[in-house]
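Hi,

Here is the structure I said I would pass on.

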Amino acid sequence: VESLANTGYSGDVVFSISNESKLKSGVKEYLLSKSNSQSEEGVNIIAYEVEWTCFKKSGESARGSGEGMNNCKMTNVFGDAAGNPVDDPREPRPVATARYELYWIWSLQYSKESWLMLLDVRDVWFQLNPFEQVNTRDKVTGELHLFGENADAVRIGTSAYNKGWLVTAYGRKTVSPYFNE
């Protein structure tokens, strides 16, 4: 967040966080310190607390996602027309897959002309405002820019982390054709 703020970026930064009671000391205070709902300037952190009900591959209940090893369902994310919570209608799945549903839900809070960027921020350092050099072409809707990891440096098959969760979630047979991607 600090490297992004230092670029002069002004806008929302949306996070999915663990249950508030599980946050490390000082994390909640930091997130609140970067919430500028009263101002239009600077970084404004919006944090959504997402609860998961997770299961081991055997089907027994698990504590947490297990770094992608367990399949999970979202708790209190879906609702009926009256706003009452309903059970997650989908089969349990890896959090790394289910997170895309959350991105879509959160994106509905913005206009069709808004610029959205999805990142795995555990290893991101900003040097420039990420939208500064993107050609906006005035009020374009539905435009999509895709960027990937540096495939010359890391491929799915050589990344222990990415290969590990993908193989665990979908099986080696399904993932192995993408090892060179």
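This is a predicted model: local features need pLDDT of at least 70, side-chain atom pairs count only at pLDDT 80 or more; totals for chains, interfaces and linings use all residues.

A quick definition before the notes: buried means under 20% relative accessible area, exposed means over 50%, and partly exposed is in between, using a 1.4 Å probe and protein chains only. By that scale K56 is partly exposed at 40% relative accessibility.

Two housekeeping points. Residues are numbered from 1 along each chain as its sequence is written, and side-chain values use heavy atoms, with hydrogens and water left out.

On to the salt bridges, each being a side-chain nitrogen of Lys or Arg within 4 Å of a carboxyl oxygen of Asp or Glu. There are six by this rule. One of them joins K56 to E60, at 3.9 Å from N to O; E60 is partly exposed as well, at 45% relative accessibility.

Another links K34 and E2, with the closest N and O atoms 3.1 Å apart. K34 sits in the loop between α2 (27–33) and β2 (43–49), and E2 in helix α1 (residues 2–5), so this pair ties together parts that are 32 residues apart in sequence. Helices here are DSSP runs of H or I with at least four residues, and strands are runs of E with at least two, numbered from the N terminus. K34 is partly exposed at 22% relative accessibility, and E2 is partly exposed at 37%.

Then there is D88 with R93, where the closest N and O atoms are 3.0 Å apart. Both D88 and R93 are buried. Salt bridges with shared partners connect D88, R90, R93 and E101 in one network.

Now the sheet. It is open, with three strands in the order β4-β3-β5 and antiparallel pairing; two strands count as paired if DSSP finds at least two bridges between them. At the edges are β4 (61–62) and β5 (71–75), each pairing on one side only. Strand β3 (residues 51–55) pairs with β5 over five bridges, in the antiparallel sense, and T53 stands opposite K73 in β5. Helix α3 (residues 95–107) packs on the sheet and touches β3 and β5, its direction making about 30° with that of β5. Contact here means heavy atoms within 4.5 Å; axes are lines fitted to C-alpha atoms, for helices over the stretch in contact, and angles run from 0 to 180 degrees between N-to-C directions.

Cheers
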